[in-house]
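Welcome to this tour! Open your viewer, switch to a cartoon view and get ready to select pieces one at a time.

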Amino acid sequence: MKKALITGVTGQDGSYLAEFLLEKGYEVHGIIRRSSSYNQERLEDIMSKEEAEALKGHQRFYLHYGDVTDALNITKIIGDIRPDEIYNLAAQSHVRVSFDMPGYTLDTDAKGTLNILEAVRILGLSEKTKIYQASTSELFGKVQEVPQKETTPFYPRSPYGVAKLYGFWITKNYRESYNMFAANGILFNHESERRGETFVTRKITLAAARIAQGKQKKLCLGNLDSLRDWGYAKDYVECMWLILQHDKPEDFVIATGEMHSVREFTELAFKNAGIELKWTGKGIEEKGINKKTGEVIVEVDSKFFRPAEVDQLLGNPTKAKTLLGWNPTKTSFNELIKKMIISDMKKVNNEQKIKKSFD
Ligand code: NAP
Ligand code: GDD
């Protein structure tokens, strides 16, 4: 049975990847951070299935306390497990927050990556353990070419992007220096029902659900003109695995090849929640109005602008399509939004029920 270790297992991608690898028959180990509040919500499905399996003596999912900034702890975990594959997904992954916490972002997203590579090397696991590094389209930042592919020059625009640039190059450097199977997935934005609530797509789908159910009056957003290549997270974790199954370690752009604006995402999300929007005004004065009631339900707030913005991202997934046989358009843009809205409509409805039970 192959063993995989996932850092960032409690996150959006980590939880989908753990499910995917368990279905493939792996023994899966995840690193979780000690937290004073509960941080394993996204793992609940796995945990309930695993509880039953563990009772039968078939446990295949294990959690370990750790932090990628703690080299001693990471080395111990990797040494104990001796995994066949490591997926390094742990990160301070919020671009806006990286401007507030550049030092912590550096420690986690750059040094954390080094800690993992170095642990594998000093433990003598370089030939056994393959490493996937969660790289990002934020490396392209102020884009030097449209669409972006593996050979497009990088130009990061945030402390997050700059820290991930180190992660990208140190992964490539360990591959070239020590002949390790270490590969970067340069993933473009991918979203889902499990997306963190402060990323723009999930902020919009949750707000649309709440406004549709009368639980929120208004949604305030930043840059509506920003353009992103948005895919579905569940489709993207398959690619992480495919990258490590490829015959040699290489870096891959993973994207849909389609680009949409934040404004377009907002319009479609509200439409799926049963609300038609019309737009008036420009720039900071732009407003989204409920066509039926005339109420202003979307506004622009400059507090969500970034010190430096990535205006557009559009990926060219030809290499992944050709060499990995991956299908980038399995879930369309419309289907993605529909899935997120259906899930958030249910969540908001349950929130009401939970609240009522305390009234
Ligand atoms: P996410 O939901 O924010 O999850 C991040 C995970 O990292 C969480 O499990 C978090 O733990 C963990 N983590 C944070 N700091 C840590 C530390 N110091 N030590 C150990 N664990 C730590 O992110 P995601 O969307 O799943 O993304 C997964 C990875 O792909 C990230 O590296 C991200 O930068 C990268 N990426 C994401 C996208 C995207 O569009 N989603 C695109 C390109 C690249 P807690 O739950 O305890 O906070
Ligand atoms: N978060 C947020 N909140 N973003 C907003 C808002 C808002 O209210 N209004 C407009 N935006 C714009 C941002 O300025 C950005 O241009 C775009 O929406 C997307 O923002 P996020 O959803 O926060 O994602 P991101 O593109 O900055 O970063 C995500 O994708 C990267 C891959 O390109 C993260 O998942 C990163 O970890 C990932 O590497």
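A nonpolar core is a set of buried Ala, Val, Leu, Ile, Met, Phe, Trp, Tyr and Cys residues joined through side-chain atoms within 4.5 Å, where buried means under 20% relative accessible area, exposed over 50% and partly exposed in between (1.4 Å probe, protein chains only). This is a predicted model, in which local features need pLDDT of at least 70 and side-chain atom pairs count only at pLDDT 80 or more, while totals for chains, interfaces and linings use all residues. Residues are numbered from 1 along each chain as its sequence is written, chains are lettered from A and ligands numbered from 1 in the order in which they are written, and side-chain values use heavy atoms, leaving out hydrogens and water.

**Stop 1: the core.** Select Ile6, Leu21, Tyr87, Tyr132, Ile254 and Phe270: they have the most contacts inside the largest nonpolar core, which has 60 residues. Helix H8 gives the largest share of this core, nine residues; helices (H or I, at least four residues) and strands (E, at least two) are DSSP runs, numbered from the N terminus. Now pick leucine 21 and look for its contacts (heavy atoms within 4.5 Å). Leaving aside residues up to four places away in sequence, leucine 21 touches Ala4, Ile6, Tyr26, Val28, Tyr87 and Trp241.

**Stop 2: the sheet.** Show the strands: seven of them form an open, parallel sheet in the order S3-S2-S1-S4-S5-S6-S11. Two strands pair if DSSP finds at least two bridges between them. Strand S3 (61-65) and strand S11 (252-254) are at the edges with a single partner strand each, so one side of each has no neighbour in the sheet.

**Stop 3: strand S2.** Select residues 27-32; five bridges join this strand to S3. Isoleucine 32 stands opposite tyrosine 65, and glycine 30 stands opposite leucine 63. Which way do the residues of S2 point? Glu27, His29 and Ile31 point one way, Val28, Gly30 and Ile32 the other, and all are buried. In a regular strand the side chains alternate between the two faces of the sheet.

**Stop 4: the neighbour S1.** Select residues 3-7, strand S1, which five bridges join to S2. Threonine 7 has isoleucine 31 as its bridge partner in S2.
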